[in-house]
Amino acid sequence: MGRAFNSLKRVLELEAKQGFKDTAVVGGIRQFAVYWLIQAKEEAANEAEIALVEEVAETLNGYGRLPGLEAREEALQKLKEKLKAREEERETEQHAVPVAPQEPKRKAPTPVQDEASPPAAETIAEVKTVAPDPEVLTIPVTSVHGVGVKVAEKFAILGVETVGDLFYLFPRRYDDYTLLKPINRVAYGDQVTVIGTVWETRTRKLRGNRIVIQSIITDGSGKIQATWFNQPWLPEKLKAGMQIVLSGTVDQYLGRPVFQNPEWEPLAMEPLRTRRIVPVYPLTKGLSAQKVRETMKRATARWVLQVPDPLPQAIRERRHFLALPQALQLIHFPDNQETLDRARRRLTFDELFELQLGLLGQRREWQSSPGVPVPFDAEKLKQFFRLLPYELTEAQKRVIKEIARDMSLDIPMNRLLQGDVGSGKTVIAAVAIVLAVHAGLQAALMAPTEILAEQHYQGIAALLSQLDINVVLLTGSTSAADREAILASLADGSAQVIIGTHALIQESVNFGRLGLAVVDEQHRFGVDQRKALREKGVQVTDGSERASPHLLVMSATPIPRSLALSYYGDLDLSILDEMPPGRLEIKTNWLRPSERERAYAFVRGQIENGRQAFVICPLVEESDKIEAKSAVEEYERLQTQVFSDLKLGLLHGRMKPAEKEAAMRAFYEGETDILVATSVIEVGIDVPNSTVMLIEGANRFGLAQLHQFRGRVGRGEHQSFCLLLSDEVSGDAEDRLSALEQTNDGFMLAEKDLEIRGPGEFLGRRQSGMPELHLASLTDMKVLEVAREEAQGLIEIDPFLDQPEHQLLLEKVAKLWQQAGDVS
């Protein structure tokens with residue numbers, strides 16, 4: 001214990017010289033204690049020395065809070081006496097004559113496990129006698145010692161009402177006290193945990209009323225700046241002198257190490273003494289991190305071994321997975337990084353496996369009803385192609401063959417058509433509609449907004465009317481008299497094609513012979529919508545059931561093929577990976593904040609030339625409410641200070657549907673020159689006259705989202721532009737913005753986005769109609785592939801999961817998809 005105790009002696013001597021003012025080291029004696037404890041425990045030779053180290057650390061930790069200088073002097077004097085006594089003991093031991101002791105044979109003591117302590121991994125592996133009991137998952141959380149009604153109400157805010165809910169309240173991250181680093185040893189790109197004292201916390205305002213909070217953290221070895229955006233409450237919490245634990249990726253700014261939006265919490269000495277990996281849970285007001293950890297310890301110690309494992313044993317053994325009780329234990333209280341990784345792998349697999357079983361079940365369910373075969377009429381298609389003012393691309397021809405083959409079968413088509421903005425998806429939909437109508441069936445095309453439905457109607461009706469096909473439009477704006485006439489024509493079959501919003505599948509809409517549904521979607525077309533669609537299908541001859549219409553879902557969000565196969569695992573996939581010739585490429589420029597006035601001047605120049613522009617407001621992560629407020633303020637600033645002579649419109653997520661529709665229509669019809677919009681709204685509108693997309697805070701968006709914004713312009717004959725205005729950028733943001741400047745290929749950008757951001761972020765906010773994954777990401781590709789392979793294998797053996805050994809699994813899959821709901 002040489003170096004650590006020599007260092008301690010020097011600090012105590014200096015503290016005494018300075019009059020016990022807690023100024024001997026930067027950050028105070030308590031700050032010094034943090035790193036001294038780590039070094040001293042490493043040098044300790046036996047249990048007695050470890051006990052002394054912990055006792056000393058406790059004294060140092062409370063030193064700054066002692067009442068008055070005399071109390072501090074007395075505490076340090078007692079500490080010196082203890083250290084001196086220990087030194088004398090060691091000297092006596094070193095000079096004593098060693099005698100080889102007779103070691104008695106002793107029986108190994110049985111370890112006593114405290115109720116609040118997690119059982120070790122080996123303990124779980126060895127226990128075979130605890131019988132699984134599904135009822136433990138339904139036990140109220142109030143049954144955990146220390147959780148009364150008030151605490152239970154706080155847990156309910158986090159979605160925890162039962163012990164089962166508690167077990168699946170996974171840590172959002174971990175503080176790894178086994179890998180602590182002093183600040184002077186952190187390097188750019190490190191994912192680290194550091195402990196330090198808040199030196200100072202400052203607040204400053206940026207353009208658009210955005211707030212930046214900066215704290216300087218020191219640990220005696222060095223200092224580091226931590227920056228947070230739009231969290232105005234932080235300065236009240238991060239007071240000077242407070243000791244905190246910071247975790248995050250080390251970035252750099254002007255050559256100095258910095259943290260951008262790191263996770264943090266007040267320092268607790270207990271995990272520091274034990275040097276373990278500590279779970280950090282989501283919290284709510286009135287529920288502390290310590291209380292959640294304590295509750296989790298007690299619950300796992302008492303019930304985790306009784307959790308039944310629904311995963312078939314054959315899969316568990318084949319893939320070398322941990323048993324579920326062991327995985328649940330170790331995800332909360334890992335012994336080391338390796339056991340944490342194994343627990344996460346098992347629980348990630350469970351989520352993705354259940355997701356895949358649900359998707360395959362949806363596919364089986366859809367195709368369990370008969371479909372109406374649609375013969376391939378080459379002559380009719382030739383007539384249609386002659387009406388087009390352009391040649392189809394090879395990709396379009398390939399996809400048409402895939403769709404025609406699907407529709408010719410008596411199994412209902414279930415296909416996703418994925419293509420970049422402007423790749424020609426609409427003409428593919430028109431081909432499918434022509435095939436259906438000439439087979440004596442009706443077709444419906446559903447768009448996400450009224451305006452987009454109108455645009456589809458104008459384009460498709462103009463073409464199909466030349467083939468004597470009757471196309472009607474039904475939206476919320478349709479008058480009552482027209483609506484009644486349209487519904488009657490649908491029911492008697494005289495209306496062959498209808499275009500509208502998702503309201504087309506409402507109960508009041510009846511079809512004579514619906515054979516094809518085309519969904520131009522913003523979100524997934526989910527379980528409830530499919531069911532409603534089936535109920536409108538063609539009546540089968542014997543009248544006992546209806547045939548499912550052929551289903552074609554179109555998506556303009558580029559997703560890497562491997563990911564699309566998993567996310568849309570219930571659909572067959574067609575990809576339009578070729579753009580029609582002659583389309584003008586959108587010119588993209590990345591601008592610095594100092595070039596904002598140049599960007600405004602460019603926008604003004606375009607509008608003076610008769611064009612229009614979009615302005616996308618910066619992403620605000622906290623809530624739609626804050627984002628809406630930010631958009632309103634930006635709109636008012638632009639309208640009053642920058643473009644006071646122009647007409648501006650506003651669109652954000654908290655507006656009522658009618659208000660959104662009005663804002664989009666005004667822009668579409670040229671009544672407004674500039675549309676200011678937030679990121680959370682998919683504009684869902686084609687305005688051929690708009691030629692500029694100005695994106696504020698572009699560094700905060702993912703590549704896929706930036707590409708979607710860019711795709712809102714470039715719809716007409718005029719050259720279009722995308723201007724990316726960024727705040728301070730890190731390495732990843734620089735990669736994204738550079739990639740966007742270099743290419744307009746959405747699929748290439750999607751692959752790049754996946755590569756840059758990695759698991760957990762690619763798909764961004766929760767997708768409608770899909771289960772919420774607590775631990776897994778749809779970009780965990782290796783585990784996803786294993787999950788899909790095992791799900792397909794199990795469905796082949798037991799298609800409905802009705803074998804007794806699969807009942808628990810069936811219940812879990814049903815619960816997962818029940819929670820997904822349907823928002824599309």
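Predicted model: local features only at pLDDT ≥ 70, side-chain atom pairs only at ≥ 80, totals over all residues.
Residues are numbered from 1 along each chain as its sequence is written, and side-chain values use heavy atoms, with hydrogens and water left out.

**View 1. The whole protein.** Of its 824 residues, 52% count as buried (under 20% relative accessible area with a 1.4 Å probe, protein chains only; exposed is over 50%, partly exposed in between). The secondary structure comes to 28 helices and 21 strands (DSSP runs numbered from the N terminus: helices are H or I of at least four residues, strands E of at least two). Among contacts (heavy atoms within 4.5 Å) between residues at least 6 apart in sequence, 73% join residues at least 24 apart.

**View 2. The largest nonpolar core.** A nonpolar core is a set of buried Ala, Val, Leu, Ile, Met, Phe, Trp, Tyr and Cys residues joined through side-chain atoms within 4.5 Å. The largest has 47 residues, of which Phe-384, Met-407, Leu-464 and Leu-516 touch the most other members. Elements that each supply at least two residues of this core include helix H14 (378-387), helix H16 (425-438) and strand S13 (514-520). H16 gives the largest share, 11 residues.

**View 3. Around Met-407.** Leaving aside neighbours within four places in sequence, Met-407 is in contact with residues including Val-372, Pro-373, Met-413, Leu-435, Leu-516 and His-550. A second, separate core of 33 residues includes Val-141, Val-163, Val-307 and Leu-328.

**View 4. A six-stranded open sheet.** The strands lie in the order S16-S21-S20-S17-S19-S18, with parallel pairing (two strands pair if DSSP finds at least two bridges between them). Strand S16 (587-591) and strand S18 (648-651) are the edges, each pairing on one side only. Neighbouring strands are turned by 15° against each other on average, direction ignored. Strand S17 (residues 612-616) is joined to strand S19 (residues 674-677) by four bridges; Ile-616 stands opposite Ala-677 in S19.

**View 5. Helices on the sheet.** Helix H21 (residues 596-608) packs on the sheet and touches S16, S17, S19, S20 and S21, its direction making about 165° with that of S20. Axes are lines fitted to C-alpha atoms, for helices over the stretch in contact, and angles run from 0 to 180 degrees between N-to-C directions. Helix H23 (residues 657-668) lies across S17, S18, S19 and S20, at about 145° to S18.
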